[in-house]
Amino acid sequence: MSGFEYIILMSIFAIIPSLFLLYILRDKINFKNLGIALFILFIIGIIWDQLSVRFGIWSFSSDKIIGNLFGLPIEEYIFIIFVPLLAIMIYIFVTKINEN
């Protein structure tokens, strides 16, 4: 399993739940606004990660990732998309529950 731990954990806890909620909430989502929000959060996340790695605040173990892209693990780019997506989907889900 070496080299795939990060992507496996992210799949279990972020990617799959995000996609599941995205599917069941598809009628409640304004996809244009979602795309804009995710784009803004992606840019902020990349800047934050780049600075944090360059300043030595945190690092990534090269034996636990698939590979690097511009100094960050490929999985980190996926993380920066799917964790905010999951948070937004949970918010929409909770809002939908409270409407009923």
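Colleague: Is K28 buried, partly exposed or exposed?

Modeller: The model under discussion is predicted. The relative accessible area of K28 is 47%, so K28 counts as partly exposed.

Colleague: With which residue does K28 form a salt bridge?

Modeller: The closest N and O atoms of the pair are 3.5 Å apart. K28 sits in the loop between α1 and α2, and its partner sits in helix α3, 71 residues apart, which makes this a link between distant parts of the chain.

Colleague: How many salt bridges does the count come to, and which residue pairs with K64?

Modeller: The count comes to two salt bridges. In the pair that K64 forms, the closest N and O atoms are 4.0 Å apart. K64 is partly exposed at a relative accessible area of 37%. The residue that pairs with K64 is E5.

Colleague: Why does the pair of K64 and E5 tie together separate parts of the chain?

Modeller: K64 belongs to the loop between α2 and β1, whereas E5 belongs to helix α1. E5 has 17% relative accessibility, so E5 counts as buried. The pair therefore ties together parts whose separation in sequence is 59 residues.

Colleague: What pattern does the chain follow along the sequence?

Modeller: The chain holds three helices and two strands. The C-alpha atoms fill a box of roughly 45 × 30 × 20 Å along the principal axes. Read along the sequence, the pattern is α-α-β-β-α.

Colleague: What share of the contacts with a separation of 6 or more comes from residues 24 or more positions apart?

Modeller: The chain has 100 residues, of which 31% count as buried. Among the contacts with a separation of 6 or more, the share from residues 24 or more positions apart is 71%.

Colleague: Which elements give two or more residues to the largest nonpolar core?

Modeller: This core has 14 residues, and I29, L34, L85 and M89 touch the most other members. The elements that give two or more residues to this core are α1 (5–24), α2 (31–54) and α3 (74–99).

Colleague: Which residues are in contact with M89, leaving aside its neighbours within four places in sequence?

Modeller: M89 is one of the core residues that touch the most other members. Beyond its sequence neighbours, the residues in contact with M89 are S18, L21, L22, L25, I29 and L34.

Colleague: Which side chain of opposite charge is nearest to D49?

Modeller: D49 lies in helix α2. D49 is buried yet has no salt bridge. Not counting residues up to four places away in sequence, D49 touches W58, L72, E76 and I80. The nearest side chain of opposite charge is 11 Å away and belongs to R54.

Colleague: What is the phi of F70?

Modeller: Most residues other than glycine have a negative phi. F70 lies in the loop between β1 (68–69) and β2 (72–73). F70 is exposed, with a relative accessible area of 66%. Although F70 is not a glycine, its phi is positive, at about 55°.

Colleague: How far apart are the mean positions of the positive and negative charges of the chain?

Modeller: The accessible surface of the chain comes to about 6,800 Å², and 73% of this surface belongs to carbon and sulfur atoms. The chain has 6 positive and 7 negative charges. Their mean positions are separated by 11 Å.

Conventions: Residues are numbered from 1 along each chain as its sequence is written. This is a predicted model: local features need pLDDT of at least 70, side-chain atom pairs count only at pLDDT 80 or more; totals for chains, interfaces and linings use all residues. Side-chain values use heavy atoms; hydrogens and water are left out. Helices (H or I, at least four residues) and strands (E, at least two) are DSSP runs, numbered from the N terminus. Buried means under 20% relative accessible area, exposed over 50%, partly exposed in between (1.4 Å probe, protein chains only). Contact means heavy atoms within 4.5 Å. Accessible areas come from the Shrake-Rupley method with a 1.4 Å probe; for residues, only the protein chains shown count as cover. Lys and Arg count as positive and Asp and Glu as negative; His and the chain ends are not counted. The place of a charge is taken as NZ of Lys, CZ of Arg, CG of Asp or CD of Glu. A nonpolar core is a set of buried Ala, Val, Leu, Ile, Met, Phe, Trp, Tyr and Cys residues joined through side-chain atoms within 4.5 Å.
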